[in-house]
Amino acid sequence: GMDANTYRKHSEAYQGVADFHARLAPMGLASCWGDAPDVTEATTCNARTHLQPQLNKAVSYADRFEKGDVNKKDWILFDAACWSSSRPSRDNTGDRSYLEGVMYPT
């Protein structure tokens, strides 16, 4: 797996999910996210607190989903000619389930 640091929208500063995914097939690679990764399915949800350095980047608890880093950053890549993937799942509970609106534990 890799931390691809992909974001919902592509820009000069940030690699977008769709842009990253489009570069895989020409290299013979596929990902665990299938043919059309959903950019809204985040694998990262973190926000810097006011207790950490760089207060200019601090996010209040109420704004953690709107202003925090909530993106699809974790990918498993493989040779598309040799392997396939079943649908991956996300877990933010520790019970093999995912609850919308709950941050990933750290």
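**First stop: Met2**

Select Met2, which is partly exposed at a relative accessible area of 35%; buried means under 20% relative accessible area, exposed over 50%, and partly exposed in between, with a 1.4 Å probe and protein chains only. The model is predicted: local features need pLDDT of at least 70, side-chain atom pairs count only at pLDDT 80 or more, and totals for chains, interfaces and linings use all residues. Residues are numbered from 1 along each chain as its sequence is written, and side-chain values use heavy atoms, with hydrogens and water left out.

Met2 belongs to strand β1 (residues 2–3). Helices (H or I, at least four residues) and strands (E, at least two) are DSSP runs, numbered from the N terminus. Now display the surroundings of Met2: apart from neighbours within four places in sequence, Met2 is in contact with Phe20, Lys73, Asp74, Trp75 and Leu77, where contact means heavy atoms within 4.5 Å.

**Second stop: the nonpolar core**

Next select Ala4, Val17, Phe20, Leu24, Cys32, Trp33 and Trp75, the seven residues of the largest nonpolar core. Such a core is a set of buried Ala, Val, Leu, Ile, Met, Phe, Trp, Tyr and Cys residues joined through side-chain atoms within 4.5 Å. In soluble globular proteins, nonpolar side chains tend to be buried together. Within this selection, centre on Leu24, whose contacts beyond four places in sequence are Leu29, Ala30, Ser31 and Leu77.

How much space lies in the largest pocket? The value is about 190 Å³. On a 1 Å grid over the protein atoms alone, a pocket is an open set of points where a 1.4 Å probe fits, with protein on both sides within 12 Å along at least five of seven lines; lining residues have an atom within 4 Å of a point. Grid points are joined across faces, edges and corners, and the volume is the space filled by probe spheres set on the points.

Of the 14 lining residues, select His21, Ala30, Ser31, Gly34 and Asp35, the closest to the pocket centre. Strand β4 (residues 29–31) gives the largest share of the lining, three residues.

His21 counts as buried, at 17% relative accessibility. Beyond four places in sequence, His21 is in contact with Ser31, Gly34, Asp35, Ala36, Pro37 and Trp75.

Show the cysteine sulfur atoms. The structure holds zero disulfides, a disulfide being a pair of cysteine sulfur atoms within 2.5 Å. For Cys45, the nearest cysteine sulfur is that of Cys32, 18 Å away. For Cys82, the nearest is likewise that of Cys32, at 17 Å. Cys45 is buried, with 9% relative accessibility, whereas Cys82 is exposed, with a relative accessible area of 56%.

**Last stop: positive phi values**

Select Asn5, in the loop between β1 and β2 (6–7). Its phi is near 50 degrees, a positive value in a residue other than glycine, and Asn5 is partly exposed at 38% relative accessibility. Finish at Gln54, in the loop between β5 (44–46) and α2 (64–67). Phi of Gln54 is positive too, near 65 degrees, and Gln54 is partly exposed, with a relative accessible area of 41%.
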